[in-house]
Amino acid sequence: MSDSKRASGILLHPTSLPGRFGIGDLGQPAYRFADFLAAGAQSFWQVLPLGPTGFGDSPYQCLSAFAGNPLLISLDGLATEGLLDSRELTHAPQFPVRTVDFPAVIAFKGDMLRKAFDRFRSAAGGKARDDFSAFIRKHARWLEDYALYQALKDAQGGRPWSEWPRALALREPEALSSAGKELEHEIEAVKFCQYLFFKQWLELREHCHRCGIRIIGDIPIFVAYDSADVWAHPRLFKLNRDGTLKVVAGVPPDYFSATGQRWGNPIYNWSRLRKDGYRWWVERFRSVFELTDVVRVDHFRGFAACWEIPAREPTAVKGRWVKVPGMQILNAVKQEFDELPVIAEDLGVITPDVIALRERFGFPGMRILQFAFRDEENIDLPHNYVANTVVYTGTHDNDTAVGWFHSQAGKGSTRSAEQIERERAFCLEYLNTTGKEIHWDFIRAVLASVSATAIIPLQDVLGLDSSARMNTPATQEGNWRWRFAAEDITPAARDRLKRLTELYGRRQIFL
């Protein structure tokens with residue numbers, strides 16, 4: 001991303017879009033949201049990782065680093081193509097409007113996708129079959145392993161691969177061959193869902209481009225233990241011989257948690273990755289750039305050092321920093337691409353080596369306005385920004401601006417009552433406001449700032465409270481469920497966003 005062009009955008013994961021099937025998808029509401037962005041003078045649509053989610057429904061704990069989430073497939077789109085009968089969709093359950101009931105959605109959409117696959121097998125024409133075959137060939141590097149993994153996981157009742165029969169968990173060739181034959185239909189169905197996801201997503205991306213909107217994607221630096229990546233390539237990770245974890249990733253105690261965050265992800269075997277020139281990382285970047293235009297690297301500091309926690313430890317307190325060959329990895333990636341449009345998520349404990357690595361590649365770092373009001377020297381205060389940064393009112397891990405402003409001690413907050421009041425008072429003085437429309441005060445502050453790019457969660461444009469929070473770090477339940485209804489986006493909010501965006505010189509439409 002260039003620091004010479006001022007622009008702004010909205011953070012919204014597609015699962016939060018409105019729609020009648022219980023979860024946002026890649027159908028018409030997504031196209032209308034892109035149109036809203038264009039009408040509001042925005043340049044970017046930022047999304048969270050797009051992979052298939054597992055336990056906890058977190059997009060940061062995906063079953064594959066390369067696959068797409070089949071829950072995002074538009075059923076209306078399949079009906080238009082003749083893969084579903086529209087009458088089948090009229091009997092959909094009554095889903096909640098502003099939250100995602102993941103178990104209900106998974107059951108209903110899974111049934112519909114199976115029907116679409118059966119119809120495709122029995123009635124698809126030659127062109128569609130050729131396109132499907134071409135997709136399989138193009139993505140064979142990861143698709144073959146993922147399809148087998150997902151079919152096996154379904155056959156094992158959804159259990160993680162570490163709990164499968166030993167021969168399957170440790171990928172004994174005879175067991176895999178036998179399973180591949182037995183589950184042939186299911187494996188092809190998994191591939192078909194990936195074909196549908198990629199087809200619909202790339203069509204949506206093309207519409208965004210026609211609107212002058214570019215998509216910011218997201219790469220979590222770590223992958224889930226229960227994933228096709230770890231199951232298919234165990235030697236790329238620090239595992240014991242029996243496949244169990246030696247160490248897990250996380251972060252030390254910080255603003256979000258007094259005991260740190262124990263994410264539970266496996267950590268890479270860096271020496272093994274080096275032997276083939278870090279090809280796994282090169283292909284991972286290639287995959288996300290196929291779907292998005294800019295990539296936010298989550299936990300960028302993990303390219304300098306990882307917080308390694310012994311797998312037996314229940315919290316992140318007893319971890320240690322371990323050096324990572326990030327320079328070599330990013331050099332290998334950079335050699336493969338003409339440009340490397342990356343945003344470095346450099347939040348948390350940032351040391352000089354992290355800063356040096358980010359500056360070596362010219363990546364913009366991040367600033368979070370909600371973090372700004374702890375003290376007068378804070379780098380998150382707008383007067384301390386530099387141009388080559390991306391500023392957010394808050395991220396998916398933050399409360400909404402309204403929720404933050406009205407927060408209280410003891411209600412999921414790690415801050416004391418005294419600290420909350422001190423930050424609130426400083427915020428009011430700094431922004432010269434009464435706090436009546438604190439979300440617009442936040443929006444104005446980030447848009448007016450010197451940061452080249454400003455990103456605003458849709459919840460802040462809509463002025464929503466803590467009930468619209470997307471994720472609360474270090475918690476296991478109730479996350480990732482928020483959705484908005486179509487009527488929540490008003491012409492007044494759109495026009496106000498447009499006026500402020502243009503006022504501060506951020507109308508930068510990419511056509």
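Two strands are said to pair if DSSP finds at least two bridges between them, and the strands (E, at least two residues) and helices (H or I, at least four residues) named in these legends are DSSP runs numbered from the N terminus. The model is predicted, so that local features need pLDDT of at least 70 and side-chain atom pairs count only at pLDDT 80 or more, while totals for chains, interfaces and linings use all residues. Residues are numbered from 1 along each chain as its sequence is written, and side-chain values use heavy atoms, with hydrogens and water left out.

**View 1**

**View 1. Strand β11 is joined to β10 and to β12.**
β10 and β11 pair in the parallel sense over four bridges, and isoleucine 368 stands opposite tyrosine 392 in β11. On the other pairing, three bridges join β11 (residues 389–392) to β12 (residues 453–457), and these two strands run parallel. Here valine 390 stands opposite threonine 453 in β12, while tyrosine 392 has isoleucine 455 as its bridge partner in β12. In a regular strand the side chains alternate between the two faces of the sheet. In β11, Thr389 and Val391 point one way and Val390 and Tyr392 the other way, and all are buried, where buried means under 20% relative accessible area, exposed over 50% and partly exposed in between, with a 1.4 Å probe and protein chains only.

**View 2. Leucine 381 lies in the loop between β10 and β11.**
Leucine 381 counts as buried because its relative accessibility is 0%. Leaving aside its neighbours within four places in sequence, leucine 381 is in contact with Ala372, Phe373, Asp375, Glu376, Phe426 and Tyr430, contact meaning heavy atoms within 4.5 Å. As a reference for distance across the model, leucine 381 and lysine 275 are 106 residues apart in sequence and 43 Å apart in space, C-alpha to C-alpha.

**View 4**

**View 3. Strand β4 pairs in the antiparallel sense with β5 and with β7.**
β4 (residues 247–251) and β5 are paired over three bridges, and valine 248 stands opposite proline 266 in β5. The pairing of β4 with β7 (residues 305–310) takes four bridges, and alanine 249 has glutamate 308 as its bridge partner in β7. β4 is mostly covered, five of its five residues being buried. Both faces of the strand are covered, with Val247, Ala249 and Val251 buried on one side and Val248 and Gly250 buried on the other.

**View 4. Helices α13 and α14 cross at roughly 15°.**
The axes of α13 (residues 326–334) and α14 (residues 352–361) come within 11 Å at this crossing angle of roughly 15°. That makes α13 roughly parallel to α14, since angles under 35 degrees count as roughly parallel, over 145 as roughly antiparallel, 65 to 115 as roughly perpendicular and the rest as oblique. The crossing of α13 and α14 is right-handed; a crossing is called right-handed if the near helix is turned clockwise from the far one by less than a right angle, and left-handed if anticlockwise. Gly326, Met327, Leu330, Asn331 and Lys334 of α13 make the contact with Leu357, Arg360 and Phe361 of α14. The residues of this contact divide into four nonpolar, two polar and two charged, where Ala, Val, Leu, Ile, Met, Phe, Trp, Tyr, Cys and Pro count as nonpolar, Asp, Glu, Lys and Arg as charged, and the others, Gly among them, as polar.

**View 5. Helices α5 and α9 pack at an angle of about 95°.**
The axes of α5 (residues 126–138) and α9 (residues 184–210) are 10 Å apart, and α5 and α9 are roughly perpendicular to each other. Ala128, Asp131, Phe132, Phe135 and Ile136 in α5 meet Glu188, Lys191, Phe192, Gln194, Tyr195 and Phe198 in α9. The residues of the contact of α5 with α9 divide into seven nonpolar, one polar and three charged.

Methods. Axes fitted to C-alpha atoms, helices over the stretch in contact; angles between N-to-C directions.
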